Amino acid sequence: MVVGAALAAVVALPGCAPAGYGNADAAADYGNAAEPASNEVAASPGATEEADPESTAEADPESTAEAAPGDANTPEISEEVATTQLTATKVAKMGETVQDEDGFVLYRFDKDSDDPAKSNCNGDCAEIWPPAVTNDGKPALDGVDEKLVGTVTRADGTKQLTLKGWPLYRYIGDKKPGQWKGQNVSGTWFVITPEGTKNLTCLPKISKPVAPPADDEADADAGGEESADAGSDYSY
């Protein structure tokens, strides 16, 4: 009960969720962004999770990484796509984050697992939440303990970076470095801390993710703008 009360207090912190949250006309300061991840807000399945799902035991990144069929069978990732750096950085209102080489905040997914490490975000989900893929599993680290960094083999054979066993992702709804529009999307996506835990400093209302990128320009709205309710059917 004490933990639940503490989380309720966190959610109620003034200045945490942006003023006018859910209002498309509001100029909200949400992770230095102009608006929340979606104008539609998903109904909460219940009270906010009271505890982090991972066990208190320290995860061994190497032991939780799934073995690939063989290095020769692992698809090669281009340098433009690979995540080559993990940096611990504090941002306004959220506090501790882990960012990639471009300064984009990284997330963890409650439907994944950390022991053993496993990614359950594939297909359209991975289009919305691009995995932090790697060739060698050795990103440059700044403020992140190398003992917590590992890899997991995805369904497509690529390797994804993990932190304390949790697979790492970016969010395409974040348009600028330092944004964290993915926080509490679907009630399952959270900013990850350098320790691999969820950052629950700020919990905006549960929102729905943006839509996956259009396959071609014909699928996009006229003028290239996303519709106001884009992503309303995507509940990853």
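Reply:
**Side-chain links and the strands around them**

Asp100 and Arg170 are joined through their side chains in a salt bridge, with 3.5 Å from N to O. A salt bridge here is a side-chain nitrogen of Lys or Arg within 4 Å of a carboxyl oxygen of Asp or Glu. Asp100 sits in the loop between strand 2 and strand 3 (107-109), and Arg170 in the loop between strand 10 (166-167) and strand 11 (189-191), so this pair ties together parts that are 70 residues apart in sequence. Strands (E, at least two residues) and helices (H or I, at least four) are DSSP runs, numbered from the N terminus.

The model is predicted, so local features need pLDDT of at least 70 and side-chain atom pairs count only at pLDDT 80 or more, while totals for chains, interfaces and linings use all residues. Residues are numbered from 1 along each chain as its sequence is written, and side-chain values use heavy atoms, with hydrogens and water left out.

Asp100 is buried at 3% relative accessible area, whereas Arg170, at 26%, counts as partly exposed. Buried means under 20% relative accessible area, exposed over 50%, and partly exposed in between (1.4 Å probe, protein chains only).

The structure holds 2 salt bridges. Asp110 and Lys198 form one of them, at 3.1 Å from N to O. Asp110 lies in the loop between strand 3 and strand 4 (113-114) and Lys198 in the segment after strand 11, so parts 88 residues apart in sequence are tied together by this pair. Both Asp110 and Lys198 are buried.

Now to the sheet that contains strand 2. It is an open sheet of 3 strands in the order 2-1-7, with mixed pairing. Strand 2 and strand 7 are the edges; each has a single partner strand, so one side of each lacks a neighbour in the sheet. Neighbouring strands are turned by 25° against each other on average, direction ignored; the axes are lines fitted to C-alpha atoms, for helices over the stretch in contact, and angles run from 0 to 180 degrees between N-to-C directions.

Strand 1 pairs with strand 2 (residues 95-99) in the antiparallel sense over 5 bridges, where pairing requires that DSSP finds at least two bridges between the strands. Val91 stands opposite Gly95, and Ala88 has Val98 as its bridge partner. The hairpin of these two strands has 3 residues between them, and Lys93 takes a positive phi near 70° there. On the other pairing, strand 1 (residues 85-91) runs parallel to strand 7 (residues 140-142), with 3 bridges. Leu86 is bridged to Leu141 in strand 7.

There is also a covalent link. The disulfide count, for cysteine sulfur atoms within 2.5 Å, comes to 1. Cys121 and Cys125 form it, with their sulfur atoms 2.0 Å apart. The angle about the S-S bond is -110°, and the link is left-handed. Cys121 is buried, at 0% relative accessible area, and Cys125 is buried too, at 2%.

Ala155 belongs to the loop between strand 8 (149-153) and strand 9 (159-163). It is exposed, at 72% relative accessibility. Ala155 and Ser119 are 36 residues apart in sequence, and their C-alpha atoms are 8.1 Å apart in space.
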